[in-house]
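Hi,

Here is the structure I promised to pass on.

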Amino acid sequence: MRTFLAIALVATLAGCASSPGPDSETADARPNIVILLADDLGWTDVSFHGGNIATPNIDRIAVEGVELNRYYVAPVCSPTRAGLMTGRYPIRYGAMRSVYPPWRDGGMDLSEWTMADILAEVGYKHRGIFGKWHLGHSDKNYHPLRRGFTEFYGHYNGAVDYFTHEREGEVDWHSGFDPSGDPGYATDLIADAAAGFIRRHAGGPDPFLCYVPFNAPHSPFQAKEEDLPPYAGLPPARGFFQGFEGVSMEAGREQRERNRRILGAMVHSLDQGVGKVLDAIDQAGIVRNTFVLFTSDNGGVRGIGENTPLRGSKATVFEGGIRVAAAARWPSRISAGGKISVPLANIDILPTVMRMAGVDRYHGKPIDGLDILDVLTGQQETLDRELFNYIGQEGADREQVSYMTNEWKMMVVGPDVTDTGADDGARQRFLFRISEDMSEERNVLAEHPELAASMYEKIKEFRALQPQGAVPPYAHGRGDPGFKAPRRWELPGE
């Protein structure tokens, strides 16, 4: 069985990139790559999972391609983005414990290669990002244009006002390095910019990368007035709200229910944005050889996003925090209407894209993700693998780490598992037969003590990968009187 210390082999990438696929007439061509990333979208906030928010455009990707039924990400925003860009567990370079809030210096390790860096070497001349970056904003060296992208439009921070585009009292909206005063609802601006990029570069001699990390439906909960009426009667979110024992959901219920209705309108706008991107692909005549991936960066916010039947929510390593709605489409290689139920992950996308693009030389660090192209195209039906997850943004006394195989999942919640001096009795342990219990209703820890012990050792080994100087817990430095947002979020540096 592959462990997390093993390296995904990329030696066969070039030789396999032209494997024949279903009714393919262009299967030997390098595809355009379009990655659509929602923000805090719940598992059941899409209608293809039976939700009560209509998402016809997002659903279309699953209908015309394949649904990824066990697709895993990190519990919060920045680590998912880092893993997607590098194919590596962000804990290795200190970017997994928490996100990068406005008051935080630093960003994703500058020695890490990104998807954009790699595709630049094999002829993807145009590499655009439109939306939320959230991988460092304290210096120009962390800017997307210094991390392999050729175009950037959007915001640096994890959340902005959807109408004013402000964060911490300053407008965080940019075109390239320059502040932008473009008026409009953020979701619409992001979708329009991505669609424009596709129209400009479709049909050229080189394929393109278009990364669209929407900020919707992340807070603040703000929708356009015209989108609100259809969701005035949207029911409250259901499911395992508490996640952990003893956490009440009564406080603030009225506000959460109001925000739930606003979120419905925000997801509606998100779906329209996805539609604009798909329409641009259609109108440019590049559908057959464009790979489109849609996912969320983590699960829905507790009590507002709908994660039913999954337990937990954003910022937990329960399924509701890390298993997200996802689908992929590539008509020249992926047959329509399928569902893949083997575990896949955001860290798999980089090695898979490398194979699609015919990358035969890689100068970066060892990759943790797997090349899953044969799984996506139906040439491989099983995938024996292990996945790890981690969050510690509440501090060393309330960390969460998980280890999962195809069949089993173990979680530990409490003090840092590598701290031998901590009270072990304060650590909650969970063991689920996840292949049969996606709702994580039955903790079978007591029934499998030897399995639990061996999985716990791997959890400790994974947690020990975090280096000194890793991103600190979220609240560290918050309220520092020395912090002031830079004017118009202009970044220092050359």
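**Arg97 and the cores**

The side chain of Arg97 comes within 2.8 Å of the backbone oxygen of Val471. Bear in mind that this is a predicted model.

Where does Arg97 sit? Its place is the loop between α3 and α4. With a relative accessible area of 16%, Arg97 counts as buried because that is under the 20% cut-off.

Setting aside neighbours within four places in sequence, the contacts of Arg97 include Tyr390, Ile391, Gly392 and Gln393. Glu399, Arg463 and Gln466 are also among them, as is the run Ala470, Val471, Pro472 and Pro473.

Now the nonpolar side of things. The largest nonpolar core has 56 residues, and Leu68, Tyr71, Met115, Phe291 and Leu344 have the most contacts inside it. Elements that each supply at least two residues to this core include β1 (32-38), β2 (66-68), β10 (208-213) and β11 (290-296), along with the helices α3 (77-86) and α4 (115-120). α8 gives the most, with six residues.

Leaving out neighbours within four places in sequence, Phe291 touches Pro31, Asn32, Ile33 and Val34, then Ala328, Arg329, Trp330 and Ile334, and finally Met356 and Leu376.

Apart from that core there is another one, of 52 residues, with Ala62, Leu270, Val277 and Ile286 among them.

Cheers

Terms used:
Residues are numbered from 1 along each chain as its sequence is written. This is a predicted model: local features need pLDDT of at least 70, side-chain atom pairs count only at pLDDT 80 or more; totals for chains, interfaces and linings use all residues. Side-chain values use heavy atoms; hydrogens and water are left out. A nonpolar core is a set of buried Ala, Val, Leu, Ile, Met, Phe, Trp, Tyr and Cys residues joined through side-chain atoms within 4.5 Å. Buried means under 20% relative accessible area, exposed over 50%, partly exposed in between (1.4 Å probe, protein chains only). Helices (H or I, at least four residues) and strands (E, at least two) are DSSP runs, numbered from the N terminus. Contact means heavy atoms within 4.5 Å. A polar contact is a pair of N or O atoms within 3.5 Å; within protein, one must be able to donate a hydrogen and the other to accept it, and residues adjacent in sequence count only if both atoms are side-chain atoms.
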